[in-house]
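Trainee: Could you take me slowly through one part of this model, the place where the ligand sits and the helix beside it in your notes? I'd like to see how the pieces are described one by one.

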Amino acid sequence: MNCPLQMGYKEYHMHPEIHFLLNDREMCVSEHPAMLVLDYLRNRERLMGTKEGCREGDCGACAVLVGELSGERVVYKSVTSCLTPLGVLHGKHLVTIEGLNMPHLSPVQQAIVDEGATQCGFCTPGIVVSLTGYLMEDHRALMGDGAKKHLSGHLCRCTGYRSIKQAADQVEKAADNNRGMGLLVASKMLPGYFLEIPARLRRISEINVSNEEGSPDFFIAGGTDIYLQKDDLLTESRVGILSRRPGMKGIRRKDGYLYVGALTTFEEFARHTETIKVIPHIGEYISQIASLQMRNRATVGGNIINASPIGDITILLLALESLLVFKDGEKSRTAPITSFYKGYKQLDKTPSEILWEILIPEPASGVLINFEKVSKRKFLDVASVNSAMRVRCEDGVIREIGLAMGGVAPVPLFLKATCQYFLGKQVSREVIEGAFPILQNEISPIGDIRGSADYKRLLARQLCIAHFTKIFPERVKVRDFYEPC
Ligand SMILES: Cc1cc2nc3c(=O)[nH]c(=O)nc-3n(C[C@H](O)[C@H](O)[C@H](O)COP(=O)(O)OP(=O)(O)OC[C@H]3O[C@@H](n4cnc5c(N)ncnc54)[C@H](O)[C@@H]3O)c2cc1C
Ligand code: FES
Ligand code: FES
């Protein structure tokens, strides 16, 4: 164990301690909390199995598992260590490829060997880690998911993927019979020390540690955006690791709202039964947003505050006319998301305010929701233009509507005038076409690597059509909007 007592006075007092388990070892470190887990593993611990590829969350070579106590058991998620700050590991179990070593090959490693799914081997440790994470998921989380989905954030420049997918299929077959940590250890899929992890984590969670002091220069939630913007600055600054503040996670329903803690990750948000009740097709939408490893880190709050004009969850929350709850010390205030964005990356928020939770109004009966995203690649890409619509009709007449669009203005845009136009009108081709001039007047896209301004204007029109044709197929069809050839 790296005990603080063995460190110099200055080093010990500089940062709050981070207590965690690294594979089967108990650690207590006083490194800068913004140090990346990848750098810690390779430079401090000399655990070189975790590879550094893109350092931007895109390749998966640096994947590790992070386990967290949930009741009696530990829930593991694969994440990219190149965008994960060391500070979030407090009280958790960090598993690297070295921590999966056993005297024999694990079934995941064996499947990779059997299928010839490795050549240069650079991507292989990350893939083994993610597929092992799949084996460790509980039955419920596996519903509708396959082992292949756990490969979503992994790039391989050698194999052409076929052999890797076949290895994933073999792992999936092995998963059928083995559920729960006890069975996984008994069937030699995991090393025996995993059985002791829950008790060891409980002991660690009882240790009292000081939290960071004073007001930080930067808050870090998931870290998937801020490390791309300010990587070099963070370890030179005072940072606030938001996961060390209790009460910012989780989803509950109360008084006509779905309360979503700002630290809730994309994946937690999409899988939660309460979210599915409010946004029934969220599972379909989320598959178009980043990779699993990224969704296990990226938070709903981070998506709102980073203020990207193409933030996917933000666009959905805008269409739902959500409310934002901010806290600053003892002070708290609630404001609508529709008036939160004042200009490019300009927010209606003071630097010390923390976005605490998001309140999504529970849709009235009959409300239908749709989300659309167009990007250069269908999966694992940010949007050229994205859009969400919430609508309620009575006898074909629009009584309630929220339409939001991203990539068409310096901010994620709530299309107020277009919504106003639609209210009280019958859903028909003529009415939808009548909205186009108003919509085009509300947006101001610019050309960039994701498309020209003209292309984005065209997409704005197409996505508006897509919403109505998907939600009301009995009233309008895609072919209604095109001249026959
Ligand atoms: C490979 C990759 C793929 C991606 N794909 C997508 C995609 O498909 N769609 C998409 O929308 N985004 C995508 N992103 C962007 C990013 O993952 C999201 O914007 C994510 O929601 C950011 O959340 P975070 O918790 O990681 O934010 P962080 O990086 O931790 O923080 C972002 C900013 O918000 C501030 N902040 C965060 N939380 C709070 C809070 N609660 N209160 C106050 N300030 C806060 C931070 O200080 C920082 O300035 C991708 C990113 C990567 C690296
Ligand atoms: S190094 Fe590529 S995802 Fe981390
Ligand atoms: S085996 Fe070489 S990158 Fe995958």
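Mentor: Happy to! Helices here are DSSP runs of H or I with at least four residues, strands are runs of E with at least two, and both are numbered from the N terminus. Residues are counted from 1 along each chain as its sequence is written, while chains are lettered from A and ligands numbered from 1 in the order in which they are written. This is a predicted model, in which local features need pLDDT of at least 70, side-chain atom pairs count only at pLDDT 80 or more, and totals for chains, interfaces and linings use all residues; side-chain values use heavy atoms, leaving out hydrogens and water.

Back to the helix. α15 spans residues 312-319, and it is largely enclosed by the rest of the structure because eight of its eight residues are buried. Buried means under 20% relative accessible area, exposed means over 50%, and partly exposed lies in between, using a 1.4 Å probe and protein chains only. The buried residues include D312, I313 and A319.

Now step into the loop between α14 and α15, where you will find S308. S308 has a relative accessible area of 18%, so it is buried too. Apart from neighbours within four places in sequence, S308 is in contact (heavy atoms within 4.5 Å) with K345 and P412.

Next, the ligand. Around ligand 1 there are 35 residues, and F219, T224, T299, N306 and D312 come nearest; a residue counts as near if one of its heavy atoms lies within 4 Å. That shell divides into 18 nonpolar, nine polar and eight charged residues. Here Ala, Val, Leu, Ile, Met, Phe, Trp, Tyr, Cys and Pro are nonpolar, Asp, Glu, Lys and Arg are charged, and the others, Gly among them, are polar.

An oxygen atom of ligand 1 lies 2.8 Å from a backbone N or O atom of A221, and one is 2.7 Å from a polar backbone atom of G222. The side chain of K373 has an N or O atom 3.2 Å from an oxygen atom of ligand 1. Taken alone, ligand 1 exposes 980 Å², and the protein buries 90% of that; these areas come from the Shrake-Rupley method with a 1.4 Å probe. Finally, α14 gives the largest share of the shell, three residues.

Definitions and conventions:
A polar contact is a pair of N or O atoms within 3.5 Å; within protein, one must be able to donate a hydrogen and the other to accept it, and residues adjacent in sequence count only if both atoms are side-chain atoms.
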